[in-house]
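Me: I'm new to this one. Could you walk me through it?
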Amino acid sequence: QVQLVESGGGWVQPGGSLRLSCAVSGGTFSTHSMAWFRQAAGKEREFVGAVRRSVGTTHYSDSVKGRFTVSRDKDKNTMYLQMNYLKPEETAVYYCAAGSGNPISSRLKYASTYEFWGQGTLVTVSS
């Protein structure tokens with residue numbers, strides 16, 4: 001059973017940066033593709049970025065491309081989301097997710113691709 005624990009959320013001013021972490025147990029980056037999603041109050045869960053298992057290629061939503069970076073540390077079995085130039089509308093609970101399949105790239109943006117989810121960490125972007 002894969003367990004995911006997010007950390008690093010908090011308050012940041014517009015234009016600021018924040019780095020989220022997702023500690024993984026019960027799985028590895030060789031066996032699981034990983035992703036970040038977010039959900040703002042009253043809205044549906046939204047894909048942010050993903051990293052495919054083994055090869056480690058990354059994929060992003062258009063709204064965060066160029067500002068957010070997904071990375072992973074195999075030694076620490078931890079995935080990261082570096083967020084720069086944050087906007088108030090990006091205030092949300094951020095979730096990490098893991099999936100044991102080997103989906104094609106176009107499937108990485110769908111929540112149904114992932115069986116395991118963390119509890120989420122709140123990011124508030126406000127002045």
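Me: In what sense do strand 7 and strand 8 pair, and over how many bridges?

Reply: A quick note to begin with: this is a predicted model, where local features need pLDDT of at least 70, side-chain atom pairs count only at pLDDT 80 or more, and totals for chains, interfaces and linings use all residues. Residues are numbered from 1 along each chain as its sequence is written, and side-chain values use heavy atoms, leaving out hydrogens and water. Strands are DSSP runs (E, at least two residues), numbered from the N terminus, and two of them pair if DSSP finds at least two bridges between them. Here strand 7 and strand 8 (residues 78-83) pair in the antiparallel sense over six bridges. Phe68 has Met83 of strand 8 as its bridge partner, while Ser71 stands opposite Tyr80.

Me: Which strands make up the open sheet, and in what order?

Reply: Four strands do, in the order 1-3-8-7, with antiparallel pairing. Strand 1 (3-7) and strand 7 (68-73) are the edge strands, each pairing on one side only. Strand 3 also pairs with strand 8 in the antiparallel sense, over six bridges, and Cys22 stands opposite Met79 in strand 8.

Me: Why is strand 8 called largely enclosed?

Reply: Buried means under 20% relative accessible area, exposed over 50%, and partly exposed in between (1.4 Å probe, protein chains only). Five of the six residues of strand 8 are buried, so the rest of the structure largely encloses this strand.
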